[in-house]
Amino acid sequence: MVDLTSRLQAIRKMVDAGDYFVINRARQYGKTTTLRALAQYLKKEYTVVSLDFQTMGAASYENEQSFVAAFTEELLDAVVSFPKDIEKKLVAFADGTSRIISLNALFRVIKTWCGTLEHPPVLMIDEVDSASNNQVFLDFLAQLRAYYLRRPDTPTFQSVILAGVHDIRSINRKIRPEEEHKENSPWNIAAEFDVDMSFGKTDIINMLNQYEHDYHTGMDIHGIAEQIYAETSGYPVLVSRICKLLDEKISGTTDFPEKRDSWTIEGVNEAVKRLIKEDNPLFESMLGKLSVYPELKPLLQELLFNGNPIPYVATTSYIKDATMFGFIRNEKDTAVISNRIFEAVLYNAFISEEFAGNKLYAMGVQERNQFIIGGHLDIRRILEKFIETFSELYGEEDEEFLEKTGRKYFLLFLKPIINGIGNYSIEPQTRNSERMDLVIYYQGEQNILELKIWRGNAYNERGEEQLSGYLDYFHMKKGYMLSFNFNKKKTRGVREVFFDDKILIEGVV
């Protein structure tokens, strides 16, 4: 387990200060795990009331009475014991026998209970956005707000913590027609929650140290942690899933017979390949959002295929949505895809939309065997066949079409050739409108291929120098380059170029 102590300490300071706040993070980002750990961390000095709104069905929000009844049932389950007179009133709310069942009546009972407690009460509600578009829930938040503002004179919760994907302050909600309700959010008292919940390299190292203490694999802990972080950018469930695959699925296979064989860079690459192909709830949820929020798709495609920088403006609706659902993050005021895993999943999803009837993909399927020689991937032959096929199909298209689709179509051609055995990743530091480095993994081998837009001989020579330097980073002597050249007098084809001590195989289409 990653040690959450530093995060819990940071959240504890907010609780001590009496903050009301929202933990809104993308799906499977560790919100529930954090809340459970926090409840244990606080229990000696606080009375913790931990609720999960996921257990409350749609009928619970039909009206004020049904919400009070359902909320009270959850409250009775969450708290070990109430004073008898208070418990009697709460039970009457829950079973519908109370003469008055309303939010006002509920909060008066809660106020009385808070005044009897030895330790200050803290309310935590998980999956709170499952209720977020219901007016009765907004009325509940308004009551919390009112009691918060009267805290100096009225017993109430020391702190309230709401957790969910959506930020409760900006939810799409069913609002009463009165204008003041549209403008005055019932949760505008919320403090900013800026605790980093991702797993840093140190977190991963400490977790692997625990594992190594038990299993003695001899792994390069720092190297493995670096690789896992590079693939996930610390997205908690992805870090955990890679480790789980290495321990439970990859260790014991033909290629990785022992644990010491799986906990290697090659093992991590195999785990990433398997993870990308999984049909898991996280990926299903993310891709489903593209249908509900169609404005996200062009943003993501622009980042993935065209590499044009998009400013990260937090107030822009599609930037807020893409961040909220975990697609992108802010890096030096520029929007970037959150991690390599999500990149690969999105690439596959967007490319798969064009599988049916696409001749480039069909050619990749049809000619697949000619690109595998003795178990090795023949990148030069792939370039030659792609140039031939692409030129035949799209050679007469205009420059704008070729520039926007060229790289996507190469990936579409490559996909069926390596499918099932290999995978690829895009190096983030090279992704821009003119250059993109592709690392192709196949049967334990890596091939570096630069996809670029032709901007003249001088630019091409700089590209060769950049590719050579990138090969040095990977300790390799051969690399590949595919240039999309819009010059009418260009010479299509593939040639070998010797650069310093490297062989560069360059293709022009």
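I'm working on a predicted model, where local features need pLDDT of at least 70, side-chain atom pairs count only at pLDDT 80 or more, and totals for chains, interfaces and linings use all residues. Residues are numbered from 1 along each chain as its sequence is written, and side-chain values use heavy atoms, with hydrogens and water left out.

Entry one. I counted a salt bridge wherever a side-chain nitrogen of Lys or Arg sits within 4 Å of a carboxyl oxygen of Asp or Glu. That gave me 19 salt bridges.

Entry two. I looked up Lys502 and found it paired with Asp501, with the closest N and O atoms 2.9 Å apart. Lys502 is buried at 2% relative accessible area, while Asp501 is partly exposed at 44%.

Within it, Glu384 bridges to Arg380, the closest N and O atoms being 3.3 Å apart. Both are partly exposed, Glu384 at 29% and Arg380 at 27%.

I checked Arg340 and saw a salt bridge to Glu231, closest N and O atoms 3.6 Å apart. Arg340 is in helix H16 (residues 340-352) and Glu231 in helix H9 (residues 221-232), so the pair ties together parts 109 residues apart in sequence. My helices are DSSP runs (H or I, at least four residues), numbered from the N terminus. Arg340 is buried at 16%, and Glu231 is buried at 3%.

How values were computed: Helices (H or I, at least four residues) and strands (E, at least two) are DSSP runs, numbered from the N terminus. Buried means under 20% relative accessible area, exposed over 50%, partly exposed in between (1.4 Å probe, protein chains only).
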